[in-house]
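Dear colleague,

I am handing over a structure that I have been reading through, and my notes follow it. Please keep it open beside you as you go.

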Amino acid sequence: MTPSDTHRAIDAVWRIESARVIAGLARIVRDVGLAEELAQDALVAALEQWPESGVPDNPGAWLMTTAKHRAIDRLRRSKMLERKHEELGRELEIQQELAVADFDTALDDDIGDDLLRLVFTACHPVLSSEGRVALTLRLLGGLTTEEIARAFLVPEPTVAQRIVRAKRTLAAARVPFEVPRANELAARLSSVLEVIYLIFNEGYSATAGEDWIRPALCEDALRLGRILAELAPKEPEVHGLVGLMEIQASRAGARIGPSGEPILLLDQNRARSDQLLIRRGLAALERAEALGGALGPYALQAAIAACHARARTAAETDWVRIGALYDALAQLAPSPVVELNRAVALAMAFGPAVGLELVDGLKSERSLEGYHLLPSVRGDLLAKLGRFDEARAEFEHAASLTRNARERELLLERARACG
Amino acid sequence: MRFMMLMIPKGYEKAAPGAMPDAKAVAAMMKYNESLQKAGVLLALDGLHPPSTGARVSFLGGKPKVTDGPFAEAKEVLGGYWMIQVKSKAEAIEWASRCPASDNEVIEIRQVQEFEDFTPEVQRAAADEPALRERLEQRKGR
């Protein structure tokens, strides 16, 4: 192996092992920030030693053992300083834990629990949304600060700052490294799912910049979702979210034209949908349904996406069922955006006039102010009703609101098409 | 990006119909598959029956010709595959390296072609293909 091969191999090992190493360490040192620093120390050691020694047989175990040695070194050093008895007692306890239980495959189940703790900690509601996203990608996705910055089109120091602040907040709030108890589980899980879906959406429908899709972020989110589905297999909403993302991702290829322009759902070439992802998505939705109970918001959205995926052509779409699913969603998680989507579905099922009436009811909705999809949908319905002058004005308004360059072009194109 | 990890077991080209790996090897492989699944990288996997129960269709001179297995000339045959989604070829190699494979087995790693990998001409051909199929089906009166 050449040194650059080894570096690539180390990157790969880090991607695979870092979350497990950080999670295992965090259980012992009870501090996610410290655990990550120790894991980073081990990574630096690997970068120094592996090009000479070669990649060890069990690289994950090597990283864990090295990180534990670093932890012991740090504790010894910090003992030189004067410490409270309580802290000393805790440190001795930590030392004992570090000394036993070497990281091996026999510990896989424990590592699973640790990973789940890490997920809940990185997505803790005490953190800002941006902090949660950055920390999750960093600690669980194995992404570097630079990669996160590139994905979100923000300067690297901004991301570094978000991570530092998030770690500090966790420490200051003394957030315990644990899986939340039953009474808070639902709320905490929904925070986790929100973070993963936020990452997915940032990739799927980039809110800023030139590209409409950043596939790498979608893949990161999918990977996190699939991992979570293994860690928490009895949670229907986890499968619901995975199903939703798999089915949406199945359309990623069909959503962009040859010059990178967005193609609307009903105009998409369905032969370009990824059948493997559709099958996986439908299977995940089935798992959510099989767990029983009423479908949650993610499973409902997955069921809606499944309706689109099952239709071989746009004309075969079961809009009545989609409308009913949006009804259920509107009751469970009411929001103007859901209402807008419901209006679109009902327009398809029962005619544009029905949809327009519902959309007009949303015009005074403050939270939709500045949301480009409201005028965009309204323009579409008006055009279908032959009211082209009004439609053009709506498309132009929508174009002025979107931050995405490709989407703006599409909207202006539709405005021009109104004659 | 996606990779196929293609399992090539030496000797499988001559394996009798119904040949199966032994239970111990399967158990180890199941554990490995589980690790891929837990890591969120596994998209699909399958094992293949031996070529002795398969057939090959060749197209010499533009005419399909069917040969039943086993195939005397085949030196290497597939025994199965994994489809994984990872960040780099190095990651795919790392996963393949962890496979509990035996002495006679080789795993070949091949990146899956994405639409974006094609040249513009090929992209156009690929994008038009379903429209063409639709027209053909209409002509058939469907």
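Which residue takes a positive phi in the hairpin of E3(B) and E4(B)? It is Gly61(B), with a phi near 70 degrees, in a hairpin that has six residues between the strands. Strands E3 (residues 55-58) and E4 (residues 65-68) of chain B run antiparallel and are joined by four bridges, where strands (E, at least two residues) and helices (H or I, at least four) are DSSP runs numbered from the N terminus, and two strands pair if DSSP finds at least two bridges between them. Within this pair, Ala55(B) stands opposite Asp68(B).

This is a predicted model, in which local features need pLDDT of at least 70 and side-chain atom pairs count only at pLDDT 80 or more, while totals for chains, interfaces and linings use all residues. Residues are numbered from 1 along each chain as its sequence is written, with chains lettered from A and ligands numbered from 1 in the order in which they are written.

The contact between the chains takes 17 residues from chain B and 19 residues from chain A, two residues being in contact if their C-beta atoms, placed from the backbone, lie within 7 Å. Among the elements of chain B that give two or more residues to this side are helix H1 (23-38) and strand E2 (42-47).

On chain A, Arg8(A) lies in helix H1 and, leaving aside neighbours within four places in sequence, is in contact with Ser88(B) and Ala90(B). Arg8(A) counts as partly exposed because 18 other C-beta atoms lie within 10 Å, between the limits for buried (20 or more) and exposed (12 or fewer).

Best wishes
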